[in-house]
Amino acid sequence: MSMSPNYTPDDGDWICEACACPLEQQKVQVFYLESAFDVSLPACPRCKRILIPKSLAEGKMLEVEALLEDK
Amino acid sequence: MDQAKLREIEARCTQEAMPRCRARCPLRMDVRAFMEHMADGKLREARKVLELHLPVPEIMARICDHPCEDHCLRRDLGGSLAIGALEAFCIGNADKQSKSFPRAPKAVSIAVLGNGLAGLVVAFELSRKAYPVTIFHEGEAHGTLLQRFSSLAQEHVAREYEGLLKAGCTVTERVLDAALLEKARSGFTAVFVDADAAAGLFAGLGAAPDPATGFVTGNICAGGMLAQSPTGALYASSSKQASEGRRSAVTLERLVTGVSLTAERGAELTRETPLHTPLDGVMPKAPVLPQGDAYLPEEAMQEAARCIRCECLACVRECVYLQKYGGYPRTYARQIYNNASIVKGGHLANALINGCMLCGQCTELCPERFSMAELCLSARQDMVTRGYMPASAHEFALEDMESANSETCALFMGDPGGKKTVYAFFPGCQLAASRGEQVLATYEFLHDALPSGEGVGLFLSCCGVPAHWAGSEEKFQSGLARIRAEWERAGRPTLIMACASCLKTFGEAAPGIPTVSLWAMLDGHLMDMPTKPAEKTYCIHDPCAARHDEAWQKAVRSLAAKCGVSLEEPRRTGMETACCGYGGLMWNAQPELAAVAARHKADALDKPALASCIMCRDRLVASGKECLHLLDILPFSKTDDGSKAALAAPPGLSARRANRAALAGRVRVTYLGGTALSVTYRVTMAPELLVELERKHILREDVERSVLAIEAAGARFCERRSGHYVGSWRPRRVTFWVRYSANADGTYVLHDAWCHRMTVPDAGRPGSLP
C-alpha cells in the first residue's frame, strides 16, 4: 500500500499566519493503525505546522484508512 | 465459531440444496441449469449440462422415464415441465459438446457381462476414466437396448458404442453363461453383471447386490434389475437401471483401487431435499405442448421458460442488505467465519458484518430460522474483543450515545410532587432528540392521567443498545449498570417506554426492570375511549424491534382507531416488518445502504405512513415518504396540522444532540428549579453546508469548538487572496479541519470542513505552537 508522495494545497496562496511564512512542501510521516507513510505536504518552514488539503483527507487518506481498518 | 458450528449454521440455509427435480433424479441431472439454457435458446450450453450429468447421453436423454416430473413444483401451477421431452429435443438438436482425450489405460481390467443399460453405463463411466473395459454380450450388440427401449433408433445406440470403442472399450460376443462368469471373475480385476441383459447369470449369483453400492461378492457387482410397478408388473426403469450402473461403476473403481466401498456414499440414494422454494407470486402457466410430433425450437424455449428455477432466497428478496453482497446467508456464514480465521491479509467481510441491521426479518422469513443478526452480532463482539473492529464502523454512533448519556442530556427526575415514583417515563434518546415538546406533553399527560397516588418520574437516557449493536458488550453492560443504579435509587419504578428498541433491550438484557410500552399503557388504562369514525387512512409501519411485541402492535392499531385513523397493512407487517436502516447501526456503518433500506421500506407503503418509532418516522420522511409518528395524532400531543407534520423534515445530527440538551434543560428549569442555559454559536454556516458536513459526521459543535480552539492558539493558515483561514483540531480520534472567515464582531463564517482519522505530527494540536 502506498500513498502518492506529494500533496499540494487544493487552491490559493497559503501562509502560516503566526510565522508570516509562505507554506512549503515538506516531507512528513502520517500514521494510522501501526502503519506509517512518507508524504510531502504543505507546511510552515518555521513552525513546521502541516496543512492537510481536503482532497487528500477525503480521497487517498480515507481510502487508506479503510484499507488499514480491514487489514 | 469452530468448523462444526459453521457447518451447523450453514446447514440452516437451504439455498444451495438441490431442487426437487434434481433430488428425485437418480442420476442427479441438473435440470434447473438445463432449463435455464433451454429457455435462453442456448441449446449447446443445455447439451453440455446433459453430457455432464447423464451417462450415455445419446441414449439416456431419449429414454429417461423422468421421475423428476412427478415432483416438479410446477405440477400444481399449470403442470409439470416436460423435462424428458425437452432433454430428448436438446440431444436431437445440438451436436456433441464434450471431447474425449486419449489417456494411457490403467493397469487393471473390468468385465461387463451383458450390454443392457446398466452394463453400458458401467462401461461408459469407467472407460472415461481410462479403465480398460470389456463388454460381453449375446446376439447383435445394438439389439439389446433397441429391443428394451422402443423409442431408441439404431443411430443413437451406434453413436454411444462408437464413443465406448474410442474410449478403449472392447465389445465381444459370447454366450453369457456360468463358465464366462467364472472366467471373468478370475481373469479380470472386477466384474459387473447386468441383471437385465444377463438375467440368467444374475440369478445364478446367489446374492442380491447391495442397494447402495451394487456390490455382490468378491470382485463382483451387479445392477440393472427390473423395477416393479404398484400392481406388481416388472418393467425397465431407465433412470433406475442407469443409476445402478453408475453406483456400481463407483464401487468397481473402489474395488480395483482398494478404497472403502461404502465411505461417504450416503447421499447417493437420498431423494429428499431441504430446499425451500417460496411460491408466492408464481402464477400458474399451462404447459407448452408440441404442435407436431416433437417440439419446435420456439416451443421448447417457451416450455423451458415455465421452469420456476427453484431456489429459496426468501430472506434475500426482502432485504437490501442481503442483496448488496451478492450472496445468501450460507455463503455469508462462510465469509464471516473466514474473516475471523484469517491470519494474514484483509478482513474482507468486515463490511458484511457491520452492514446488517440486526433486525431479524430474515429469521422470520426463513423456514429454518437462519439468523444473520446472531451471526453478525457475535462476529462484531469477536472483532471488538480481538481489537480489529474498524473505528469508522461505529465510533460516531457510540459518541452520540455518550452524548445522550452525558450530564447535559441525561437525567432522572422522580415525581416532582414528591409522591412515590411508581412509574417513570423513558422516552428514549431519539424521541428526546427529535420531539422534545411531545416528550414533555406525554410526560405531563401521564403525570395527570395516572391515579393520584402513583407518582410519575422522567428518565432521559439512552438505553445503550448502540453499544450492543456495535459489539461493545463491555460498554453495553456498563451502561445498563448505570441505568439499573438510577432505577434502584428511584425506588424501582415501572418504566413506560416509547421506543421499541429500548423496550426490547431492557426485556432481553435487564429483565428485572419492569417495563411497559407507552402505547399499551395509554391504550389499556389512560385512553379508554371508543373508536372514532375513520377520517384518514395511513399505512402502518411496525418497528423491527417490536416484531415480536404483539402488545405494542395491538395498542398502536387500537390508539390509531381511537383517533379516527384507519390503517392499511403493508405486505410485510407485524412480525415480518422490515427495518428502516437505523437498526444495527447501519445508519452509521453504511449510510448509503441505510438510505436504500429506508426507501425500500417507504416504497412498500402505499399510503402516507404512520410509525410508532421515531427513527422509523424520521428516516421514512428523509427518504421522501409522508409519515406521522403516533404522537402526532394522539389528543394530548398531536400537532395542529397533520399533513405538515407528516412531511416535517427531521432534525439533523447536530440538532438532535442540541435538542436532547435543550429538553433536559427545560425539565431542569420547569421541574427542578434550574436556570435556563442558552447556547450561542459564534460560527455560522449555510444550512446546506451543515447537511453536507453531517453526512461526513462533522457536527456543528465540532466546527464551533475547532474554530475557537484554533483562534485561541492563533494557529491558523491564511489564504492571501480570499482571506480564508484554515486550521485543525484533534479532540479525539478524528482531526477536524475548518476553513472560515472572521467577522469584525468576533463571529466566524464557516466555508468548509473536513476530517480524517490518520495522525499527522504538527497538525491538529493548536496548542503546540512554540
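**Notebook: helix packing, salt bridges and the A–B interface**

I began with a helix pair in chain B, where Phe476(B), Leu480(B), Ile483(B) and Arg484(B) in α23(B) meet Thr505(B), Phe506(B) and Ala509(B) in α24(B), contact meaning heavy atoms within 4.5 Å. By class, I found 5 nonpolar, 1 polar and 1 charged residues in this contact of α23(B) with α24(B); Ala, Val, Leu, Ile, Met, Phe, Trp, Tyr, Cys and Pro count as nonpolar, Asp, Glu, Lys and Arg as charged, and the others, Gly among them, as polar.

I note that this is a predicted model, in which local features need pLDDT of at least 70 and side-chain atom pairs count only at pLDDT 80 or more, while totals for chains, interfaces and linings use all residues. Residues are numbered from 1 along each chain as its sequence is written, chains are lettered from A and ligands numbered from 1 in the order in which they are written, and side-chain values use heavy atoms, with hydrogens and water left out.

I then looked up the geometry of the pair: helix α23 (residues 473-489) of chain B and helix α24 (residues 500-509) of chain B pack at about 95°, their axes 12 Å apart. That makes α23(B) roughly perpendicular to α24(B), the term covering 65 to 115 degrees, with angles under 35 degrees counted as roughly parallel, over 145 as roughly antiparallel and the rest as oblique. The axes are lines fitted to C-alpha atoms, for helices over the stretch in contact, and the angles run from 0 to 180 degrees between N-to-C directions. Helices (H or I, at least four residues) and strands (E, at least two) are DSSP runs, numbered from the N terminus.

Because Glu125(B) lies in helix α7 and Arg246(B) in helix α12, the pair ties together parts of chain B that are 121 residues apart in sequence. I found Glu125(B) buried, at a relative accessible area of 12%, where buried means under 20%, exposed over 50% and partly exposed in between (1.4 Å probe, protein chains only).

I also checked Glu399(B), which forms a salt bridge with Arg732(B) at 3.0 Å between the closest N and O atoms. This pair links distant parts of the chain, with Glu399(B) in helix α19 and Arg732(B) in the loop between β20 and β21, 333 residues apart. Glu399(B) is buried at 17%, whereas Arg732(B) is partly exposed at 28%.

Finally I looked at where the chains meet, and found 33 residues of chain A in contact with 39 residues of chain B. The two chains bury about 3,100 Å² between them, 57% of it on carbon and sulfur atoms; buried area is the accessible area (1.4 Å probe) that two parts lose on being put together, summed over both. I counted 5 salt bridges between chain A and chain B, including that of Glu58(A) with Lys696(B), whose closest N and O atoms are 2.7 Å apart.

For chain A itself I recorded 2 helices and 4 strands, running β-β-β-β-α-α from the N terminus on, and noted that buried residues make up 45% of its 71 residues.

How values were computed
Salt bridge = Lys/Arg side-chain N within 4 Å of Asp/Glu carboxyl O.
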